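Please look over the model shown here with attention to one helix, the ligand site, a few side chains and the backbone geometry. The notes that follow are grouped by topic.

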Amino acid sequence: MKYGHFDDKNREYVINHYETPLPWINYLGSDSFFALLSNTAGGYAFYKDAKLRRLTRYRYNNLPLDQDGFHIYIKDKNTIWNPGWQPTRTKLDHYECRHGLGYSVITGSKNKVEARQELYVPKNDNILLMRVTLTNKDQKEKELDLFSFVEFCLWDAQDDTTNFQRNYSTGEVEVEGSAIYHKTEFRERRNHYAVFFANREISSFDTSRDQFMGVYGSPASPNAVLKGKCSDTIAHGWQPIGAHHIHVSLKADESYDVIFALAYVEVPENQKFIAPGIINKKPAHELLKKYDTDRKFDKGLRDLKKFWNDLLSGFEVRTASEEVNRMVNIWNAYQCMVTFNMSRSASYYESGIGRGMGFRDSCQDLLGFVHMIPERARERILDIAATQKPDGGAYHQYQPLTKKGNSDIGGGFNDDPLWLIACTDAYIRETGDWDILKEKVDFDNDPKSAKPLLEHLNRSFNYTLNNLGPHKLPLIGRADWNDCLNLNCFSRYPGESFQITGPSEGPVAESVFIAGMFVKYGKAYANILNHLGKSKEAKKVTKAFTDMEKAILKDGWDGKWFLRAYDAFGKKVGSKYNDEGKIFIEPQGMCIMAGVGVKTGEAQKALDSVAERLETKYGIVLQNPAYSTYKLNLGEISSYPPGYKENAGIFCHNNPWIVFAETIMGHGNRAFSLYKKTCPAFLEEISEIHRTEPYVYCQMVAGKDAPTFGEGKNSWLTGTAAWTFTVLTQGILGIQPDYDGLRIDPCIPDHVKEYKVNRLFRGTMYHITVKNPDGSEKGVKKVLLNGKELKSDIIPVTDKKEVNVEIIM
Ligand code: BGC
């Protein structure tokens, strides 16, 4: 069943049924100030860090679901309702939510009144804007009461939900006209406050939740709304809120609008107060003034739309598949930008108080956004590299505010360092900025240890070589890409971290997946060295990854597929000799992407085994058969019930690796049919099964062993976004940035006759037409640049503004 539809022209997803299978959210904000917003106006706002600077509260596993957010209430005689349906859940006569790029519009109608709620965060300002327009569609005059409501978080989201003995006494507010200032802890060490503002005169307000809701009240029927007015309360401790009330009389066909704004404001330390206890509101006044009229609101929204249009117009495809077009041109690219902004911090599945930035996660995310924001990708690479340890190892996570490695989790995830080569290589291919390799970057954030970035790549590469096991395959450490395959941890007690229990430096457990990575990114590293004229070093590197390739084919091959690992006792994992977990997806994808066994036949056998044993109608499961019991020597993977997460769930992140592998083998039909299985735009029709948003990828879909086969979970913040974007644009459509130009090497279904791509690359717009008259799946016969045939398959970099390219397959 569908709950809405794509409006590609406006780059929006339009939801028509408010009771979606799960809240379907959007992200507002693109710089420092962010809000999550669901289709029923649930969500929360924060400044930079969802844990430490949370502006509004959100209760994750609440019942009913998704009650906290940016709701407005309307009282029309005895009916109270919300345009987004929640929290009153009054049945609406009409409802629509449009999630666009960085903005959302929710419209609801009840008893001939239409209420429209437009929300966005403008570029470069720390403010969430919400314009509410009420229209009387009746022939009679209407007397309406409009209420806004936000519940402030006392800044530190973790403390806010745990330390009640303190924080029930700290809450403070000030009210000035229509502006409600939340100033908890401003009296002491904070120099920031929040303000919730209305650009119209208000009839009453509340700042005490107890008064607005009632101590035992409910968001579904707040006391103040039932009463038709607030009580002008000033909160002292407990739960400070911001609620405005405006009485509105509307003649037939008349409209009324008001702009609400929730802003975050910092004040210089020595200018915090204008009188004892009275906060300095000047910076707030200046900010609010920027958006206090319809004209200014509309301009901010236009600027935001222009920003997104400009950003996305650098990569536009026109194929016969509207699903493909909307993924490349709109949603997959948008999701990549959201993962850039959020990493894994704040979603409806990531609480915002959990993990910092992942080393491997951030490196992989970069593959999906480097073409849109190369300068910020550069900065990100240097930030990540600066957390690298001197021995080439990596902290598994780092904190976004301090940009320092997180020592609670530490390192020993032995795939991490190699991802630094992956992202640097992608960055250089995209930009041609070889100078980044000369940038001096700290090790472990110690300026005394700074060395050029190239040296960081060298240490990443050598880290694997310095940590080889008995079969000359890389030691796995705490885990590789699969955080849940914990071969050295042996965790026995509930609550222990699967990742950091036990020693990380097990001397025996080896990963065939890291071996594949080492070959793939070793090749990239050797290319880089050759390009820099360092052929002696390049030779050494080539020898090392060639030896690794041999080691994989000797001891990492199981007969019909690549083995997954050797455990701490030297026993095989992911082998025909195992009863469960016989075959894993990751080494098949990574080894073939690295080219291992492509010429000698193993790669094809491995792909056949994937098709036979792992593929399902909703995608490829991570391993098979699922583990039915907990295994001490395997760790977290076996802690999940069969079919969920890493225990044989469909992990969307590594499905594209198999798609890539199929493109390497030249199988365009297979590649595209696998691509479609996890692609949300193709799953719209089964939203009641898939449940998560049909416009973005989720991390995991329940596998065939799960009772809820096909059900998605953990949407938005996943490395899936980057890999699916990369496989579709580079693997299938074949637009591959290379060091000296753009290579175009499609691998497509044979029925595709033609498609067009506009691709901005190093300042030139490439207008590309791919023609496939003979119905091939792969292979380029002719490359024409501005009508002239090229000898090479690489279209060289040029200083022209635009060029026309024709590819004949
Ligand atoms: C983590 C990734 C990891 C993946 C598979 C995700 O939750 O963010 O770093 O590769 O799970 O375990």
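The buried residues of helix α15 are Glu602, Ala603, Ala606, Leu607, Ser609 and Val610, where buried means under 20% relative accessible area, exposed means over 50% and partly exposed lies in between, with a 1.4 Å probe and protein chains only. Because these residues cover an arc of only 155° around the axis, they fall on the same side of α15, the arc being that of the directions from the helix axis to the C-beta atoms. This is a predicted model, in which local features need pLDDT of at least 70 and side-chain atom pairs count only at pLDDT 80 or more, while totals for chains, interfaces and linings use all residues. Residues are numbered from 1 along each chain as its sequence is written, and side-chain values use heavy atoms, with hydrogens and water left out.

**Helix α15**

- Helix α15 runs over residues 602-613, has 12 residues and reaches 16 Å from its first C-alpha to its last, close to the 16 Å expected at 1.5 Å a residue; the expected span is 1.5 Å times one less than the number of residues.
- Helices (H or I, at least four residues) and strands (E, at least two) are DSSP runs, numbered from the N terminus.
- The elements against which the buried residues of α15 pack are the helices α13 (535-555), α14 (585-593) and α16 (655-664), together with β31 (583-584), β32 (615-616) and β33 (619-620); contact here means heavy atoms within 4.5 Å.

**Ligand site**

- Around the ligand are Arg355, Arg360, Asp361, Trp481, Asn482, Asp483, Glu646, Phe651 and Gln699, a residue being counted as near if one of its heavy atoms lies within 4 Å of the molecule.
- From the backbone, an N or O atom of tryptophan 481 lies 2.5 Å from an oxygen atom of the ligand. A polar contact is a pair of N or O atoms within 3.5 Å; within protein, one must be able to donate a hydrogen and the other to accept it, and residues adjacent in sequence count only if both atoms are side-chain atoms.
- Of the 310 Å² of accessible area that the ligand has on its own, the protein covers 93%; accessible areas come from the Shrake-Rupley method with a 1.4 Å probe, and for residues only the protein chains shown count as cover.

**Buried threonines and a buried proline**

- Threonine 729, in helix α19 (residues 720-732), counts as buried because its relative accessibility is 2%.
- A polar atom of the threonine 729 side chain lies 2.7 Å from the backbone oxygen of phenylalanine 725, and, leaving aside neighbours within four places in sequence, threonine 729 is in contact with Phe315, Val328, Gly734 and Ile735.
- Threonine 387 sits in the loop between α9 (374-385) and β25 (397-398) and is buried, with a relative accessible area of 0%.
- The side chain of threonine 387 has a polar atom 2.7 Å from the backbone oxygen of isoleucine 384; beyond its neighbours within four places in sequence, the contacts of threonine 387 include Phe359, Tyr395 and Asp444.
- Threonine 387 and phenylalanine 359 are 28 residues apart in sequence and 8.7 Å apart in space, C-alpha to C-alpha.
- Proline 474, in the loop between α11 (453-465) and β28 (510-511), is buried at 1% relative accessible area, and among the residues that proline 474 touches, not counting those up to four places away in sequence, are Thr464, Leu468, Ile514 and Met548.

**Backbone geometry**

- Most residues other than glycine have a negative phi, and most peptide bonds are trans.
- Leucine 63 and proline 64 are joined by a cis peptide bond with omega about -10°, and proline 64 lies in the loop between β6 (54-56) and β7 (72-76).
- The peptide bond from glutamine 86 to proline 87 is also cis, with omega near -5°; proline 87 belongs to the loop between β8 (79-81) and β9 (94-99).
- Arginine 11, in the loop between β1 (4-7) and β2 (12-15), has a positive phi near 55° and is buried, with a relative accessible area of 14%.
- Lysine 48, in the loop between β5 (43-47) and β6, has a positive phi of about 60° and is partly exposed, at a relative accessible area of 46%.
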